[in-house]
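Subject: Two-chain model for you to look at

Hello,

Here is the structure I promised to pass on. Please open it first, then read my notes below.

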Amino acid sequence: METGWSVTELWLAVVLSGAYHGINPAMGWPLAVSAGLMERRPRALALAMWQLAIGHTLAILLALLPFAILLALVTWLQVVRVSASLLVIGFGIYLLVNRRHPRVLARIRPTQLGLWSFVVATAHGAGLMLVPLFLGLCRADESDRAAQSLMAGDVGTGLLVSAVHTLSMIAAGGGFAWVVYRYVGLKAIAGSWFNLDRVWAASLVAVGSLSLIFALESGGM
Amino acid sequence: MNARPDKTFYASPKLAMEAEAENFAYTLLLSPDASQPDALAVIDVRPGSPSYSQIVHTVVMPNKGDEFHHFGWNACSSALSPLSGHAFLERRFLIIPGIRSSRIYVIDTKPHPTEAAIHKIIEPEEIFRKTGYSRPHTVHCGPEGVYVSTLGGAGADGTDGPAGIFIMDCETFEVLGRWEIDRGPQQLHYDFWWNLPRDYMVSSEWALPPQFENGIVPEDLLANRYGHRLHFWDLRDRKNVQTIDLGANHQMALEVRPAHDPSREYGFVGVVVDTTNLEGSIWTWWREGGQFHIRKTATIPPEPASVDRLPPLLQGFGAVPPLVTDIDLSLDDRFLYVSCWGTGELRQYDVSDPFNPTLVGSVHIGGIDRRTAHPNGKTYAGGPQMVEISRDGKRVYWTNSLYSTWDDQFYPDGVPGAQVMARAGKEGGLELEKDYWVDFPQGYRAHQIRLEGGDCSTDSFCYPSA
């Protein structure tokens, strides 16, 4: 067994990161509450949550799929892993330094929740946070398969990681939204909102660093 | 940046109503002859405090002749929408435009209102250069930053091009540029407000700067040359989608007050004067089937007066027009307060049915002919003008000056600054509070009021009260 996390641990991390993104108000669950209240029916809440989830998934896929394809370059595996880790660390540092939010977010209509969710997840590097986990999972299932089938397998893993992450996100965020909508009331919106900007950026640096260490240890570069 | 959202941000109007009452009021002071710098007064409104209804702090500006009028906060409850991306802004800075100088002051109200101080000054040249607009007026914080409406276009007299809205960065207060991408037929500007989740804006018209800066121009008014249209905008598209003309005789549709609950797609606007009969009026606008509509829903008649009690401007009419110069809507969207600056009356309408405003309360104070004194015996010059309602809807504050040069035409004896407060009954009814009277420094007039922690004409909400 190589250094690093086991497959179970990696999948657990994928699920937990989904829940983390889901309950973060900045990723949108209060918008689902608002939609439900504006239309006075829970279906509107569910629909909004669904739109948020689609945008979020696409943002994750956008981050994972290029790596799924790069992994096919078996000879360069180590380089891919190290650069991915550095990219994640770098983005985390960028977010730590640059505290400003992109203004383009404010130009998106309230009705374009899917697009908003995609842009907000991309801007926060939500997908990048999963890249090290994804690479870990791909490595776990490496064998002597041909590059082509390896790539197909990696793309499949990418889709699966995105799906599991988003399901966890929608369950956590949607659950939170439902409880606020149905039981706790709007006070919980301000009440449950913490400024996670720095924690978020630090998580990226942490995940990226772990992945870098594992990559270096296993690769002997 | 805070670790938690500002505790004066409220998800819904209902939560804002239930929150702790205001402790301080901020009132703009203007020197009508520009002999002194304009100022911001901080007033203690804590019942039982030894300095109750007194100015406890004043921020005096370094320039003269700015002419303060309206102002607003850098951030409000709208930050609680994830769409804003700015949940951790603080309600901290007051943005005060000078409508004569085109200068903007940013005042820091932290660490305590009594320590408020100038944070930044934006010189007129920056606004001219970056926006081509002049005479900044109404301030609202919104999705793209701080929105500021202007009364003038470019050029010395502000008539070179249309007036409009520009945007400032909500953290650095840098002027970013014009807001409009497609203004359609809009040329004049006054007030604006919006429904954020429904993504539309409504704006109103006053007049060209030469029609107000040196006083009202009677010939222009009688020829119906002041503004009389409302413009409806797609907020994110920055595009005028519909313009409705109220009819040329409905001169000066000024204050726009949308329902606070974003699930309600209607609002009100006040018309200063109908030139055919001197009436003031309240109009209700609404959106239905993607289209905006508007209807006159209340009128206020002029009051006959003997010529010797009237200023020269009105002597030919033998009557005092009510002059609806400001309106304000309580946070539960139930009571609409209407200033009748000419007749000296503050009216309270129950607008539970927005198409059928019902007069349920009234207070007389000042007025061109009535000249009603305050219950404490003091003379109140001018009439009720800028109104501000406490978030809980129980206290209604107002001041008495309209605009330096217009004050002199309608109230030639002068309008020394006054600020009073009335208590509103739960089911309606309005009564002046005997013990609330703010004395302002000599030579100053009082204009708009803002309340600590937000009030009924600043905050925009992104969640319904239900």
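This is a predicted model: local features need pLDDT of at least 70, side-chain atom pairs count only at pLDDT 80 or more; totals for chains, interfaces and linings use all residues.

In β3(B), B:Val59 is the bridge partner of B:Leu40.

B:Leu40 and B:Val59 mark one bridge between two strands of chain B. Strand β2 covers residues 37-44 and pairs with β3(B) over six bridges, in the antiparallel sense. Both belong to an open sheet of four strands, ordered β3-β2-β1-β30 in chain B. The pairing in this sheet is antiparallel. Its edge strands are β3 (55-64) and β30 (445-451) of chain B, and each of them pairs on one side only. Neighbouring strands are turned by 20° against each other on average, direction ignored.

Chain B as a whole

Chain B holds five helices and 30 strands. Its radius of gyration is 20 Å, close to the 23 Å that the globule rule gives for 466 residues, so chain B is as compact as a globular protein of that length. The box around its C-alpha atoms is roughly 60 × 55 × 45 Å along the principal axes. Buried residues account for 56% of the 466. Take the contacts in chain B between residues at least 6 apart in sequence: 58% of them join residues at least 24 apart.

A covered strand

Look next at strand β17 of chain B, residues 266-274. How many of its nine residues are buried? Eight are, and the strand is mostly covered. β17(B) has a partner in strand β16 (residues 250-258) of chain B: six bridges join the two, which run antiparallel. There, B:Val256 stands opposite B:Val269. Six bridges also join β17(B) to strand β18 (residues 280-288) of chain B, again antiparallel. On that side B:Val269 stands opposite B:Trp283.

β17(B) and β18(B) form a hairpin, with five residues between them. In the turn, B:Leu278 has a positive phi of about 65°.

Chain A

Chain A has nine helices and zero strands. From the N terminus on, its elements run α-α-α-α-α-α-α-α-α. The radius of gyration is 18 Å, close to the 17 Å from the globule rule for 221 residues, so chain A is as compact as a globular protein of that length. Its C-alpha trace spans about 55 × 35 × 30 Å along the principal axes. Of the 221 residues, 45% are buried. Among contacts in chain A between residues at least 6 apart in sequence, 84% join residues at least 24 apart.

On confidence, chain A averages a pLDDT of 88, and 91% of the residues score at least 70. Among its elements, α2(A) has the highest mean pLDDT, 96. Helix α6 (residues 131-140) of chain A has the lowest, 84.

Where the chains meet

In the contact between the chains, 26 residues of chain A touch 28 residues of chain B. On the chain A side, α2 (29-39) and α8 (187-191) each supply at least two residues. Which element of chain A gives the most? α2(A) does, with six residues. The side of chain A that touches chain B divides into 16 nonpolar, four polar and six charged residues.

Backbone points to check

Most residues other than glycine have a negative phi, and most peptide bonds are trans. These spots depart from that pattern.

- A:Arg40 is not a glycine, yet has a positive phi of about 55°. A:Arg40 is in the loop between α2 and α3 (42-70) of chain A. A:Arg40 counts as exposed, because it has 10 C-beta neighbours inside 10 Å and the cut-off for exposed is 12 or fewer.
- B:Ser102 has a phi near 65°, also positive. B:Ser102 lies in the loop between β5 (93-97) and β6 of chain B. B:Ser102 counts as buried, because it has 25 C-beta neighbours inside 10 Å and buried needs 20 or more.
- The peptide bond from B:Lys110 to B:Pro111 is cis, with omega near 5°. B:Pro111 is in the loop between β6 (104-108) and β7 (117-122) of chain B.

Best wishes

Terms used:
Residues are numbered from 1 along each chain as its sequence is written. Chains are lettered from A and ligands numbered from 1 in the order in which they are written. The radius of gyration is taken over C-alpha atoms; the globule rule is 2.2 Å times the number of residues to the power 0.38. Two residues are in contact if their C-beta atoms, placed from the backbone, lie within 7 Å. Two strands pair if DSSP finds at least two bridges between them. Axes are lines fitted to C-alpha atoms, for helices over the stretch in contact, and angles run from 0 to 180 degrees between N-to-C directions. Ala, Val, Leu, Ile, Met, Phe, Trp, Tyr, Cys and Pro count as nonpolar, Asp, Glu, Lys and Arg as charged, and the others, Gly among them, as polar. pLDDT is the predictor's confidence in each residue, from 0 to 100.
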